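Open the model in your viewer and keep the selection panel at hand. This tour goes stop by stop: what to select, then what is there.

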Amino acid sequence: MLLNKTTEITEQKILLEKTLAELRESERKYKTLIESIQDGIYIIQDERIIFANEAFCELSEYTYGELCDIGPKEIVAPESLRAFSLYYSKQIRGEDVPASLEFRLITKTGKRIDVTAYSGLVNLHGKIATIGTLKNVTKQKVYEKELIKSKEEAEKATLSKSMFIAGVSHEIRNHMNSIIGISDVLAETSLTVEQKDFLDVIQVSGNNLLNIINEILDFSKIEAGQIILEKENLSITKLFQDAISLHEYSAKKKNLYLKAVVSDRIPDRLLGDPTRLSQILVNLVSNALKFTDTGGITLYADILEDKDISTQESNDVLIKFRVVDTGIGISKLSQAKLFKPFSQTHAAVQRKMGGTGLGLVICKNLAALMNGEVGIDSEVGEGSSFWFTVSLVNPEITVKKTSKDDNNKPKMKDFNGKKVLLVEDNLLNQHLTSKILIKEGYATDIAENGKVGLDLFMNNSYDLILMDIQMPVMDGIQATRLIRKYEKENNKKKIKIIAVTAHTKDGERQKLFNAGLDMYLSKPFKSEELIGMIAGLEL
């Protein structure tokens, strides 16, 4: 009996020693793991630091014993203390807080370090405690500031360059006009044959140089954002007549025809910028003449049937222009170079024809300013068709016409009186989306990036935010997180935020929802999709 008892005690003792050994080994593993982690790990309970790993000690420059003798607030910089205290107190009370907090930490020697803390609550010895990690993001912050500074400096340099070129080109053009003007006057006087030949060289060279200067000046203005479109009465027929008259002499010299075909569907009077429209036409006709030796050139204009006319004003008319020639044609490989700055299809062409290679780039940018685009259809040896579209205003239309199909569409809810913040960096998307919203009765503010959007949100009252995702300075996800944080800290009602993005993968969608966005709208979208989504929110 006694022997059995002794055996049982021995077995229990062996089992206990084995268990203790396993616990010590487990403790050693966890301690090694914690100490090997490069980020700081801490536990705070009753507003005291009760645990800190070696990385935390190195980051703060305090020993573990010193950290245990001070409160966590004593190592937080004064400028971050309010946000830290608010975050910590809300977390302890069990309120919903963001997963991370950025603040500035002060080390024992007084250095300021930018850190990001990720924390959660645990029950430790019957009391609530905060356990978390601390990551040094000082280098990241410095890099972000340098990146923003570099971007601003690059933008400033680009603007300075454009302004310089514009100024110099303007001065040169003034003097060139004088030279060409005097040459024209001189041509009316009595000259010998030799003198006329010399004068022809001056006039041709002067006009070519003036064209180059004008192209450089226009390109610089476009780069600097100084092109302002006019809205004047214009006639497509007259624009074609003027373009043909300007090139008629050159066409006759090469025995080429020049003709125009204007669709009878185009109104006689439209509103737009006739000067910029003429500039595009003249450039395309001039190019066609250079590369056409037989046959001729035809100018076409017709109304483009745009299925998604919702991106235009109710009285907008989308016109498609085509300049079709019977020239040498352009290969697919060369077509890819056409609309790039200072690019021409072949070096031999540049030597033979001259030019800067800016003409088509200018056409592309001018068309974009008029809510249009440019393109080419061509095959080698079969001629070319350069086309562009522009949005013009038909002053005769005051109310959008309603067709039978329109009557079958569901009526949209009246949103008048609501205010929307559109956060979007693309100028064209700003224009198109704001047009849709304004047409539906919204007051609309525009922010060019997340940082500006956040500032506008904190200083104004909105019913809805449309948030682009990929933007400079601050992206849409970061801006949304900061908006949600601001709402919680100030006890504000959560505003509805719709993500407007080209990313529609499940992983990307979940990332948007996790950041605090309510819905997403995939680009490109139709106005009915946007308005229908807003209607579903019942603002």
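**Stop 1: Glu232.** Select Glu232 and show its surroundings. Leaving out residues up to four places away in sequence, Glu232 touches Leu270, Leu271, Gly272 and Pro274. Bear in mind that this is a predicted model. Glu232 sits in strand S6, residues 232–234. Is Glu232 buried, exposed or partly exposed? Glu232 counts as partly exposed because its relative accessibility is 39%. Glu232 and Thr275 are 9.6 Å apart in space and 43 residues apart in sequence.

**Stop 2: the whole chain.** Zoom out and colour by secondary structure. The protein has 17 helices and 17 strands. Of its 539 residues, 37% count as buried. Take the contacts between residues at least 6 apart in sequence: 64% of them join residues at least 24 apart.

**Stop 3: H8 against H11.** Select residues 274–290 for helix H8 and residues 359–369 for helix H11. How far apart are the axes of H8 and H11? The axes are 10 Å apart, and the helices pack at an angle of about 150°. The crossing of H8 past H11 is left-handed. Next, show side chains at the contact. H8 brings Arg276, Gln279, Ile280, Asn283, Leu284 and Asn287. H11 brings Gly359, Leu360, Ile362, Cys363, Leu366 and Ala367. Sorted by class, the contact has 7 nonpolar, 4 polar and 1 charged residues.

Then step past the end of the helix. Asn371 follows H11 and has a positive phi, near 60°.

**Stop 4: Thr292.** Thr292 is in the loop between H8 and strand S9, residues 296–303. Thr292 counts as buried because its relative accessibility is 0%. Look for a polar atom of the Thr292 side chain: the backbone oxygen of Ala288 lies 2.6 Å from it. Which residues does Thr292 contact, leaving aside neighbours within four places in sequence? They are Lys254, Leu256, Asp325, Thr326 and Gly327.

Stop 5: In soluble globular proteins, nonpolar side chains tend to be buried together.

Centre on Leu299. Beyond its neighbours within four places in sequence, Leu299 contacts Phe240, Ala243, Lys259, Ala260, Val261, Leu281, Val285, Arg322 and Val323.

**Stop 6: Ser384.** Select Ser384, in strand S12. Ser384 counts as buried because its relative accessibility is 5%. What does the side chain of Ser384 meet in a polar contact? The partner is the side chain of Ser378, at 2.8 Å. Now show the wider shell. Leaving aside neighbours within four places in sequence, Ser384 is in contact with Val323, Val324, Asp325, Gly329, Ile330, Ile376, Asp377 and Ser378.

**Stop 7: the loop between S1 and S2.** Select Asp46, between strand S1 (40–45) and strand S2 (48–52). Check its backbone torsions. Most residues other than glycine have a negative phi. Phi of Asp46 is positive, near 55°. Move to Glu47, in the loop between S1 and S2. Glu47 also has a positive phi, about 60°, and is not a glycine. With a relative accessible area of 46%, Glu47 is partly exposed.

**Stop 8: Gln470.** Finish at Gln470, in the loop between strand S15 (464–468) and helix H15 (476–489). Is Gln470 buried or exposed? Gln470 counts as exposed because its relative accessibility is 57%. The C-alpha atoms of Gln470 and Glu424 are 8.8 Å apart, and the two residues are 46 residues apart in sequence.

Methods. Residues are numbered from 1 along each chain as its sequence is written. This is a predicted model: local features need pLDDT of at least 70, side-chain atom pairs count only at pLDDT 80 or more; totals for chains, interfaces and linings use all residues. Side-chain values use heavy atoms; hydrogens and water are left out. Axes are lines fitted to C-alpha atoms, for helices over the stretch in contact, and angles run from 0 to 180 degrees between N-to-C directions. Helices (H or I, at least four residues) and strands (E, at least two) are DSSP runs, numbered from the N terminus. A crossing is left-handed if the near helix is turned anticlockwise from the far one by less than a right angle, and right-handed if clockwise. Contact means heavy atoms within 4.5 Å. Ala, Val, Leu, Ile, Met, Phe, Trp, Tyr, Cys and Pro count as nonpolar, Asp, Glu, Lys and Arg as charged, and the others, Gly among them, as polar. Buried means under 20% relative accessible area, exposed over 50%, partly exposed in between (1.4 Å probe, protein chains only). A polar contact is a pair of N or O atoms within 3.5 Å; within protein, one must be able to donate a hydrogen and the other to accept it, and residues adjacent in sequence count only if both atoms are side-chain atoms.
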